[in-house]
Amino acid sequence: MFLRRALRYRWAQALVLTGISLLIGACAVFGPWFARAVEQTVMTETLAGQSLPASWLLASPGPQVGVSTRPEDLDKLLPNDLKPVFTPPLHGIYNDVSWSIPATAGDPSPGARVRWRDGYCAQLDVTEGRCPQAANEVIASTVDKTTWEFRLGTTLAATPSDVGKGGGRLSIVGFYQPKQARGDFWYGDYPTGHSHTPADKDPGAANEFFTDSSTFAGNKWTQRVTSDFRPIPGVARLGDLDRLKEATETVNGNAREIGVAAQNTSSLATLVDQIQAERKQATTIIPLVMVQVALFAVVVLALALAAVVDQRRPEIALSRLRGSSARRTQRALCLELGLPVLIGTLLGGIAGFALLLIVRATWLRYGAPIELPWTVPAALAVAVVLALIVVVLQVRGTVRQSISNLLRRVLPLRRGRTIGVADLCIIVFAVAGLIAALTGDGRGPLPVLTPALLGLAAGLIFAHLLLPAAGLISRSALRKGRLGLALGALQISRRPAVTRIVAAVAVAAALLTFAGQASSIAATNRETRSGYETGAEGVLRMNSLYLGSFLQTVNQIDPDRHWLTPVVISRPPSPDTLQTEMIEPDSFRRVAFQGDKLTDAQGWQTLQAPSDLAPLSFRSSQLTATVSVDGIKPLISRAANGDQIDGGTPKSVILRANVVSHRDGSRYLVSFPPIRFPSTKPVALQADVDCLGGCDLLRLGIGREPLDPTGVQGNVVISNISSDDHPTIALGKAESWQTVPQLGSDQSSITAKPGGALTIAMKSFGTDMYVQYATAPSVVPALVTPEYHWVDGATTTPAADGSPMTLARIDRLTGPVNRYSEHTAVVDLETVRRLGGVVDEGATDFELWLNKDGLANVDTITGKLAQAGYNADLVDRRDDRIAAYGRSASALALQLTPVVGIAAWVLALVVLLLTVVTSWRSRAQDYASLKITGVPASATGRAARWEQTGPVALAVLLGTFCGLVGAHVALPMIPLFATSSGAVPLDLGISWPVALILWAGGTAILATATLFLGSGVNRRSTYNRIREELT
Amino acid sequence: MINVSQVTVRYGELTAVSDVSFTVPPGFVLAVSGPSGAGKSSLLWAIAGAVPVAKGQVEIDGLVITDRPAAAAHGVVLIPQGNGLARVLTARENLSLPLLAERKPSDEVERTIEQALAGVGLEESGDHLVEELSGGEQQRAAVARGIAQQGRVILADESTSELDSTNRERVLDLLHEEARRGAAVVIATHDPNVADSADGHAVMDEGHLSWLRRL
Amino acid sequence: MTGLAISTTGLVHIYRAHGHDVAALSGIGISVRPGELVGLLGPSGAGKSTLLQLCGGLLTPSAGRLQVGEHNVATMTDTELDRMRSGDVGIVLQGAGRNLIPYLTPADNIRYAQQAAPDERDLPTPEAILELVGLGNHAATPLSQLTPGQVQLCAVAVGIATLPGLLLADEPTSQLDHHARDEVLAALRTINSETGMTVLLVTHDPEVAATLPRTITIRDGRIASEGRSGEEYAVVAVDGSLPLPPHVAELLPAGTLVQVTTDDGVIRLTPVEQEGNQ
């Protein structure tokens, strides 16, 4: 009875209980809801951001005889149940042709793509003429107008490049510019960017010609049909993921079964895997973080209830006194206190929903629909039950005390060293949880609870140690006459409430510190990983045929390498073998992301091309070698089973050379006339070389005439090699000529020896063998990514021309390899340049990596590159990757951490305020009773401020420490990225600035609060307080 | 010497003490009796400086009393009604802290405290927390606290109301002892026996003082 | 309604304080008849409040028998004690405010106190109870507006809310001025005479004691004396010991050898002189 009056009389307390319960309800509801929303957002944003890999690109294969497929036929491959989540299919027909202008036939025929796409005309700005309306009419790009000097009405003869016959004449009826050169409409088949004349450093081609679909009627063009569509972000939802993956994986098999000749190119299955991995991040991190806050709030609720119930002790005593049984009294009080808690928790559910709406609009950018996952009401129910259990427990604990105990006016002040049973239980539980977390296999939720558990255990233990310590401090302060400190310390040691404050503050500080560390470490790791994955701040990519002219252009644009560093990538034919990343070490160290961390000083030294040996350059149209042989003997070769193979007598050897042309970097074979056996005198051998533009003598070697495979051994003594400009080309020392390793075991061998200008000692069974001038080492030193299975002496990587270079691994790799972090060998670009060779254009990428300044001037750089004939695209930016990672599930989830930190502090302040509110009267009365005897207000003021500031400041320090330890333990368990890149290590070291700022800030805030509150209590301890009864 | 001249004490609208004047020379004990709410406590608090006077002044041995800290430093001891002890402290600490605040040397403080506690019969209970003492023991501890301060003026407000006759005698003896030491003592009481033992007996009724037996 | 009788034999209560046991009561034997108005006197710490709490079932005696009406308090369970307090025994705690719920009016306070009473009881209305103590006009006055004396009367009213057979009142008149004190005593007398309720009240005020028809003085946990209408009498205890009044005890310090002689119905105590004994 009298419930309403009771609530109204103590409305402030009811409000506090409601407030704390609100927080519990909000956390319980927000956690699963936010997690679900993040999952949906990740899916939406992944699909939106990677719309091209997510697309289904259905295309019929190459030339088909007799079968004519229509684009509509391909649509059958999309299962009906998935049709609603995909865009309507975009049909197209195309083929690649080589064309020529009949009037100038005979010139090389460039290539181009002739295409029709449904609705293409609306995507084009027609600058001249019109869109095609009849068969064999095409519209060409305005760029091609300039490049190839097209005009309206120009006729082209076009032949499909795959079969070489058929085709027809096409006439140009208009010129276009695409409205969006790289828009989604094109599904990756961009109409422009292909136009180059043959004179360019890139092979010549034209931009796409668009035509009317009627052109492809009939089978003259051996066309391919396409149908493209993509999942609609925001319509395709989490529930569709499995189905999407399954459909993508089975579509090609289905095509065969249904008899539709088509292939799907899509990375949707991989994307789905990526999304699923990210979902796991969200569902791991978010609920755990919210659970910690919710649990903390439950603890604070328990403390608040303890204080509130304690205040009602006289009333409970009265109720018992008047004969109500303990159970009856308990029921009434549970009702009185349970009502605000219940209302608060339910309101918290609504608050959680409101918070979700806000977060959905801001962080998540509406990426998630408004839906109610079943976990939300379940969590709310659990929260309600938990909160009410706490109410019952706290009420029960007090109501069941004996009446005489309840009648005591004041809380019994504990002077003993005994730890209460409750505190002991909590400490044991927390330590047990910690041990489980630390020794477990690192999975499961416990590790993430480490900071809270650690804070709790350490806080409580410290608090209980504080009590006797304060007693000692007070005694020594009394002796020294420091009254304020003595009184403050005395009160600490006598009021057990300080244990609550210390524990609560320690937990809050631990949570906040952990939150700060998680957030900042995650951000740092995202930035580092983005840096390594991009390579530098930005990456420009272009095509080139000539290494030399590429480097020349780069030197013109940025000779001092303030802005960029060139990187050339050469890819092997087989995807499992090493690819080559050729860098310019000096500028790489300065420009690439943490480039100097790639290796140490010794490593850089070893990596660099020899600087002490200049290439052997000459300018000539011929080379004359004065050669003699000695010690010629036939060699018996042994078959695999040991049998001798009898050959006969060797007839001759041929001196060969490799020269590298300065003009275009290609490497030529020079063969001198054969040296016939027997030969006793030195002979002068002359060979023609195309070196009027300058060449480097790279290799000297031995070969045999085709019909002379008999083994021969001996020495070929070169006394002189002369060119037009050098009567004697200084061949240097014999050590400077290194054997070029041979792949395949033939029992041949070749070495350089001193003697004459150079002596070659050989054992030849027929294959060509070379020694190479050490200006380009024959075994190239390389830094190799560690996961690659390295075989000494047998591991090779392609040079710019694709030929294999044998590598010597430098075991000094101290950091991940930028941008190409797996099966990559890093070599010096200069070494490869000296080796010469024609660039394998399809397998080689030319990149310019930009630093911040370079990125800021990227337009200047691309402009200058265009002037030089290079078409460079900015393909990657570090900031874009950082932003993308910032939208990953773990990043979104970790955005919670500041919220967590603030919530934790709010709760700690609530505990502080609660303790002050429940104890201030008795403290004020005590101070008043001292003041009235003449103890100065300054002394009591100091005591009032010390009493809470001291323990609180220490608790913040302790909690911060626990948070750091907790972060150290728990962070390795939190998935910061969807995929663990083995190459880029995670840096989980403590971020000291963040820790310090949070510690200092927290201490400042709480200390201000306690100082303020302490002064308030002192101010309120007026003399007439001693006349008050404590109620 | 306590010099109260035309002192009026008001709490808002209510006049607790109305135009009271008297003098208590050192060595004398004045008892002030009267019903509850007559203004005895307010009068004593005004003399102690714990409550401001609206009119008139209190002067003690040359110092005009304006605030409590100055009065306490000057030796005006107040033993409040309802004991006025600090609950978080032990009996001994309640006695020692005010003395230490005056920066008296600690061994002297110890001696004084032991004497005072022995005087009220609490020598064994010195280290008990105040709330562990019974009501009468608390009152005696308050008296001991006042005695220990060895003031020149002792104002005892209903300091025997919880005590049985033995202890009451004890306390009165101590107060008289203080008077003999040279302090001026004022006791507020509604116990007629206590009033009889004093040197002078005044009555307060609704703020006005009248004399039953002049000093 | 008949008041309850109280009867104790060898009542002992020991509690633990500061590491050693303190005997609050060491062998109390009293007998209160139904409808008596008795005062418990004694110095502070003598055990008066302890005895009161024992009678109310708030404490369990360490030894001895305690009978309150039909109830053998020493052996009752908690439920039975609750039941006893819900209708048979009313308690007024020391400090009037502690007996009252601060946000309820006097009438509501009485209702609150009545809510646990056994259903078969015929309970008087709150107004009737308030009439009985003299607060009839203040049934709905907020507690903050009552004078201290009226608050005490309200506390007493709440104590008798269920018209119990026994009323235990702890210091109902301390901190009150004469007028209020007299009011409260008058109310108690009225209750005692009009309802036949046994009233046991604790006081240390000799003036109050003088108004009571019977007083029991407790000293050091034992019955020291009894008073009837102002006259003090020493009471022979069950074990035959006789506590001496204070002025006699001064003459006969502990350990004194005394010759006890009877002389025509008068008992004479003659101390024997010994060395070092004065």
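Which residue of chain A forms a salt bridge with C:Asp82? The partner is A:Arg320, with the closest N and O atoms 3.5 Å apart. A salt bridge here is a side-chain nitrogen of Lys or Arg within 4 Å of a carboxyl oxygen of Asp or Glu.

The model is predicted: local features need pLDDT of at least 70, side-chain atom pairs count only at pLDDT 80 or more, and totals for chains, interfaces and linings use all residues. Residues are numbered from 1 along each chain as its sequence is written, chains are lettered from A and ligands numbered from 1 in the order in which they are written, and side-chain values use heavy atoms, with hydrogens and water left out.

Stay with chain C. Its contact with chain A (heavy atoms within 4.5 Å) joins 23 residues of chain C to 21 residues of chain A. The size of an interface is often given as the accessible area lost when the parts come together. Between chain C and chain A the buried area is about 2,200 Å², and carbon and sulfur atoms give 58% of that. Buried area is the accessible area (1.4 Å probe) that two parts lose on being put together, summed over both. The interface of chain C and chain A holds two salt bridges.

Now chain B. Here 28 residues of chain B are in contact with 29 residues of chain A. The buried area is about 2,500 Å², with 62% from carbon and sulfur atoms. B:Trp45, B:Arg87 and B:Val88 supply 25% of the area that chain B buries against chain A, more than any other three residues. One salt bridge is counted between chain B and chain A. It pairs the side chains of A:Arg494 and B:Glu93 at 2.9 Å, N to O. Three helices of chain B, α1 (40–48), α2 (68–74) and α3 (91–101), each supply at least two residues of the side that touches chain A. The largest share, five residues, comes from α3(B). Helices are DSSP runs (H or I, at least four residues), and strands (E, at least two) likewise, numbered from the N terminus.

Finally, look within chain A. Helix α7 (residues 268–311) and helix α8 (residues 313–321) pack at an angle of about 55°, their axes 4 Å apart. That makes α7(A) oblique to α8(A). Axes are lines fitted to C-alpha atoms, for helices over the stretch in contact, and angles run from 0 to 180 degrees between N-to-C directions. Angles under 35 degrees count as roughly parallel, over 145 as roughly antiparallel, 65 to 115 as roughly perpendicular and the rest as oblique. A:Val309, A:Asp310 and A:Gln311 in α7(A) meet A:Arg313, A:Pro314 and A:Ile316 in α8(A).
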